Amino acid sequence: MNTIKFAPYNEFVTEQHQVERGYLKRLEMGDFKGKVYQPCNLDVLVINACQNHCFFCIKKNYFGDVTQNTFLESLETAVTRLIEKGITLEATITGGEPTLRVPRLVKTIQLLHSLGVKERTVSTTGVGLLDEYEGRPVIQHLIDNGYTHNVSISVMHPNYAINNVLMGHPQSSMVDNLTRDQLQRIARYCNTYGVELRTSTNLIGNYRGFHGISSLDEIIDFVSQQKQIGIYSCLFRELVGNSSVITNCKVSIKPIQDEIDKDKRFEYVKTIDGMFYNIKLYIYTDADGKQYAVKCYQDTIVPVTYSRLSFVNGILRAGFDGPELYNHTKENPNECY
C-alpha cells in the first residue's frame, strides 16, 4: 500500500523486521497451496462492527459474528497450525473497531502474546483505549502484553466536524470519535508508558463538499498539529479500491512523494528495495528544528503471493478475501454460534 510515514528521527527502522531480508515460504494448509511472505502479517478482525461508515473501508463487506469462545478457540487453532508449518507471524489487531468489544480484544492480545505472536499494529479509532477492563484501561492491557510497537489511530482530518463527515456521518452528527482533547489524553498516557502511538490518515479529495488531507503542505500542517498534542508519528496512505466514490476522491500519492524528493526540507538518505515495496528514506526538519524520519513506500509488482493473512469469524484466509486456509465452521459443523 503506497504510503508516507513520519516518525521520530531516532526511529529510522522501517518495520520490526528488515524489509530487505524478507522472503517467501511455501505453505500448504487446508486446500491452500502457495507462498507467503516472511514474516507474515496476520490481520485479526476482533469485531466487524464499527461506529463509522467510511466509504474507503477495505473491510466493509464483513458481517456477522461468532461467540467469543468460538472466536478465541478458532484463532488459537489457526495460529497454532501456522506456527507448526514454520510461518512467522506478526499480528495486526483490527476490525471493525476492536475497542467496541473490549473483553474479546483483551483476551485476543493475551492469547496471541501467549503463542509468541508479536504485534505489528493495533489499528483503531481509539474510542475505547482508555475504557477500563478488569481494573485497568485497555491501553494498559496492550502494554502488559507487549503490544506497544505501533498503536495506530484513524484520524482523517484535525477538524472534528470534517473528520466525522469523512468517516461517513452527517456534518451535524454527534459521533463517538475522538476529539482533540481525548486524543491528547491518549498521547500523554502513551508517552508516559512507552507506547508508540501514531495517527493513520487516508489522502482524500472532495467528499460531500469537504476536502481531506490531499497535499504536501496539508500533510506538513497535520504533522505539526499532532506534535502539539504529543503525537510524533503520522502515516498517510493512498485510497485503495475501485468504487466510483473512491475513484472520485482518490489523491495520488506519487506526485506528493516526488515533491518530497525535490523539497529542500527533506534530506534524502537512501532507498531500501523490498519484495513487496520499495522505501525511500529522508530526514525532515520542521520549522521548530524537530527532525523526523520520513519513509515513502511504493508498491512493487510481484507474482501472485501473499504478504498477509486474515482471520475473521473463525475463518483464516490468504489476503483479505483469498482462499481459505482454515474454517472453524467446516471443521465443527454441529457447533451452534
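Contact here means heavy atoms within 4.5 Å, while helices (H or I, at least four residues) and strands (E, at least two) are DSSP runs, numbered from the N terminus. This is a predicted model, where local features need pLDDT of at least 70, side-chain atom pairs count only at pLDDT 80 or more, and totals for chains, interfaces and linings use all residues. Residues are numbered from 1 along each chain as its sequence is written, and side-chain values use heavy atoms, leaving out hydrogens and water.

**Helix H2 and its cover**

- Have a look at what covers the buried residues of H2: the cover includes strand S3 (32–45), H1, strand S4 (89–94), strand S6 (132–133) and helix H3 (138–144).
- Buried (under 20% relative accessible area, with a 1.4 Å probe and protein chains only) is the label for Val102, Arg104, Leu105, Val106, Thr108, Ile109, Leu111 and Leu112 in H2.

**H1 against H2**

- Helix H1 (residues 68–84) packs against helix H2 (residues 102–114) at an angle of about 20 degrees, so the two are roughly parallel (angles under 35 degrees).
- On H1, Gln68, Phe71, Leu72, Leu75, Glu76 and Val79 meet Pro103, Arg104, Lys107, Thr108, Leu111 and Leu112 on H2.
- That contact has seven nonpolar, two polar and three charged residues.

**Glutamine 226**

- You'll find glutamine 226 in helix H6 (residues 216–228).
- Glutamine 226 counts as buried because its relative accessibility is 4%.
- Leaving aside residues up to four places away in sequence, glutamine 226 touches Leu183, Thr199, Ile231 and Cys234.

Note on methods:
Axes are lines fitted to C-alpha atoms, for helices over the stretch in contact, and angles run from 0 to 180 degrees between N-to-C directions. Angles under 35 degrees count as roughly parallel, over 145 as roughly antiparallel, 65 to 115 as roughly perpendicular and the rest as oblique. Ala, Val, Leu, Ile, Met, Phe, Trp, Tyr, Cys and Pro count as nonpolar, Asp, Glu, Lys and Arg as charged, and the others, Gly among them, as polar. Buried means under 20% relative accessible area, exposed over 50%, partly exposed in between (1.4 Å probe, protein chains only).
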